[in-house]
Amino acid sequence: MSGYLNDVVRLYLRELVDWESYFGWRKGPEADIEADRNAMGDILETAAQICSELEQETRAGWEQEAKLEDGHVVYPPHITKAYDKLREAGLISFGVQEKYDGFELPSLVANVILQMVSRADAGLMTMVGLQAGVADDIQEYASEDLKRQYLPRFASGEVMGAMDLTEAEAGSDLGGIVTRASEKDGRFFIDGSKIFITNGGCEVHLVLARDDDSFEESKGTTRGLSLYIVPRTLPDGSRNGVHIPRLEQKLGIHGSPTATVDFERAEGFRIGVKGEGFKAMLSLMNNARLGVAAQGIGIGEAALSSALEYARQRIQFGAPIAEQPLMKDKLARMTLELEGSRALLYRACSLMDRNRAIRSALARSEGGQGELSEAERVELEEERQRNDTRVRLLTPLAKYMGTEAADSITRNAIQIYGGLGFMAESEVGKLHSDAIITTIYEGTSEIQVSFALKEIGKGALSVVFESLRQELEAFESPELKTFADKVLRGMSLILDASSALLADFSYALMSAQSLAEVVSSVIAGAELLKQAKADPNRFDLAASWINRRMVDLEGRCQRIKEGSADRLARCDKIIALIE
Ligand SMILES: Cc1cc2nc3c(=O)[nH]c(=O)nc-3n(C[C@H](O)[C@H](O)[C@H](O)COP(=O)(O)OP(=O)(O)OC[C@H]3O[C@@H](n4cnc5c(N)ncnc54)[C@H](O)[C@@H]3O)c2cc1C
């Protein structure tokens, strides 16, 4: 099971998360924190064991695509077998609450499992990740009746789900959705066609559709969209109007079926508020974005471990290539990319968990009941609001960083293998093919950095930086303090540059990627220092991240500050040279 459950994960289980508060808020005074912490450890051990055992077979079956037979999706045998193994261990739909027969695992633990599944097979991960995401959305927005109908079946793995948003004219811009939902006698019917739907052959579709009564006036916007559960089989056992005319052939994640799904007067069951489906879908998408970041990190881990093993045994010029200074630097950079994006993801997940737990405590204490005093309630409510702002910024950054790291680490892994890396059977070549999609689905990297910019425009930076400042100023050991001060200086440079930038919207959009890079650098820097404080073995990692990224940050901030929207006109002139 080497590497699947690594030391840094154990660090988060042991001391980097305040589990006492988490379980205390979530479960109340009866919470048995030690038992819950041990249970999480056991679940992760089991997941690591299963995933490491799957690896050999999933690698061997990598080329096998899902097939369409008589309108039904047939998964490659190794995917079915692997999914069944995870299902038998209860490792599907991990967020489902205990009252609906689930484990209700914290997002951090769920995403570590997704990372392990992805390390074994990135295609398999899409299916496991989707079950958790679809079930979470049903849990948050559906009526009690629908929850009872579906959630236990998700928790047992009896049904699978899909998230149906994309259409031919609605990709990054979901305002283009024209799938129509019409109401007749209190029932809803869906007509339209969705493309690129992962796991499209499944039983339960969560479909974003435009309401018939406001169709024309809302067209082109994300208003007037509602979210529907559309099952392939209706509750009376009859077939619904859900058809799969086509499966795609892809560059990677072959085991994950990607389907066109046609809805022909298919009956749907609305979840959430009419016209607010986009908002409901955003919460699924935000969870899914963290899941895809975990997918990227899993792929990155697989590629890095393979490249390192190869570099240590490949002899050139009389020594292992891992000993060549350039190679050493490359391997260290790959590790930094992996660990920096992991730090960002785990911080985002921990914050999200903290807020979910706070919400439970606040809900229990409504109307003066429960264990919280009024003053504690007010304080927790304020923290919840601050954390929401932090999560909204950290989520797109974590998705951007984790997936771009996967792309870059796998590409560098090919380089480390030299010519062998370019052969059709190259393992790291396959991992690179899998990594690319992570930067595209669940919102492309460009969309993630634009979302991050939007949150910064709404004032997120001051909230995020205020808590970072408190953390960084609290480091006492001189070694850690030196690096904490460097991050603090980086934060000042960002604030200085971003105020100039936010004055001009098109220039801000043009610089969104640079801004995402620098903001991620300081947040991950603080998290890596926190890790180093808990485990001194991680000090050099944190120090190197901060040294390298702060130099990059300085250059980027200077460039942002000195520029203006005139650069767009220059882009036009440069591009014109190719036309
Ligand atoms: C394998 C696979 C599985 C998928 N699974 C699902 C699924 O389960 N459910 C689902 O609903 N969809 C799914 N998708 C669809 C996926 O989410 C979309 O492909 C993705 O959101 C991008 O949309 P698009 O392909 O239409 O690209 P476009 O939106 O046309 O974008 C093309 C390029 O333009 C850039 N771009 C677009 N707008 C902007 C902007 N405002 N600023 C800067 N750059 C911009 C993009 O970043 C991208 O580089 C899947 C796709 C694939 C390939």
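This is a predicted model: local features need pLDDT of at least 70, side-chain atom pairs count only at pLDDT 80 or more; totals for chains, interfaces and linings use all residues.
Residues are numbered from 1 along each chain as its sequence is written.

**Domains**
- The protein chain has domain 1 (161–276) and domain 2 (459–576), with bounds from an automatic or database domain assignment.
- Taken over C-alpha atoms, the centres of domain 1 and domain 2 are 40 Å apart.

**Helix 3 and helix 4**
- Helix 3 (residues 33–60) packs against helix 4 (residues 77–88) at about 175°, with axes 10 Å apart; axes are lines fitted to C-alpha atoms over the stretch in contact, and angles run from 0 to 180 degrees between N-to-C directions.
- The two helices, helix 3 and helix 4, are therefore roughly antiparallel.
- I50, L54, E57 and T58 of helix 3 meet H78, A82, K85 and L86 of helix 4, where contact needs C-beta atoms, placed from the backbone, within 7 Å.

**Helix 13 and helix 17**
- Helix 13 (residues 445–457) and helix 17 (residues 512–534) pack at about 75°, their axes 9 Å apart.
- This angle makes helix 13 roughly perpendicular to helix 17.
- Helix 13 contributes V449, S450, A452, L453 and I456 to the contact, and helix 17 contributes A512, Q513, L515 and A516.

**Helices**
- Helices are DSSP runs (H or I, at least four residues), numbered from the N terminus.

Terms used
Angles under 35 degrees count as roughly parallel, over 145 as roughly antiparallel, 65 to 115 as roughly perpendicular and the rest as oblique. Two residues are in contact if their C-beta atoms, placed from the backbone, lie within 7 Å.
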